[in-house]
Amino acid sequence: MEMSKQLPPGWDATPYGERGWCTFERAVSELVKQSSSGSWRKLADPAIVRKVRGKTGTYRSPPEHPKAFAARLALKIFTNGKADCELVAKLYADTLASALGETGYLMYNSCAWGDDEVEKVAAVLPFTRNLLQLELG
């Protein structure tokens, strides 16, 4: 799925990256899909282009710890204000715990991640109750 962050001419709205629900939807979309040099990312953001071994389309953000996500979310804009922010932070925490808690295999190959991204993955590993294999190649 390719995302479009541009609004039609004449529309005046909060930019995509500043909206709380959009931040949640993007984070959840990237949670557990396998990533390798031969797979396309689930959420394709044309603004982020990375090449790994000459191929494009494999970049994705690492899963984010619920506390880090809640802190980032607190800086976003919600139509219903703080009430939605707290709801969305809880929804993300529940989704992450459920998704990672049930998976036995996480594959993050060819993501071109650095130390910061790998640290984010390490922070969520305690949520992986059934993890048997983790690939970070």
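Helices (H or I, at least four residues) and strands (E, at least two) are DSSP runs, numbered from the N terminus. This is a predicted model, in which local features need pLDDT of at least 70, side-chain atom pairs count only at pLDDT 80 or more, and totals for chains, interfaces and linings use all residues. Residues are numbered from 1 along each chain as its sequence is written, and side-chain values use heavy atoms, without hydrogens and water.

Q: In what order do the elements of the protein run from the N terminus on?
A: The protein has 4 helices and 4 strands. Written from the N terminus on, the order of these elements is α-β-β-α-α-β-α-β.

Q: Is L87 buried, partly exposed or exposed?
A: L87 is found in helix α3, residues 82-102. Buried means under 20% relative accessible area, exposed means over 50%, and partly exposed lies in between (1.4 Å probe, protein chains only). L87 has a relative accessibility of 42%, so this residue counts as partly exposed.

Q: What share of the residues of the protein count as buried?
A: The protein has 137 residues. The buried share of these is 36%.

Q: Which helix gives the largest share of the lining of the largest pocket?
A: A pocket is an open set of points on a 1 Å grid over the protein atoms alone, where a 1.4 Å probe fits, with protein on both sides within 12 Å along at least five of seven lines; lining residues have an atom within 4 Å of a point. The largest pocket is lined by 17 residues, and R26, E30, S61, E64 and R72 lie nearest its centre. The largest share, 4 residues, comes from helix α1 (residues 20-29).
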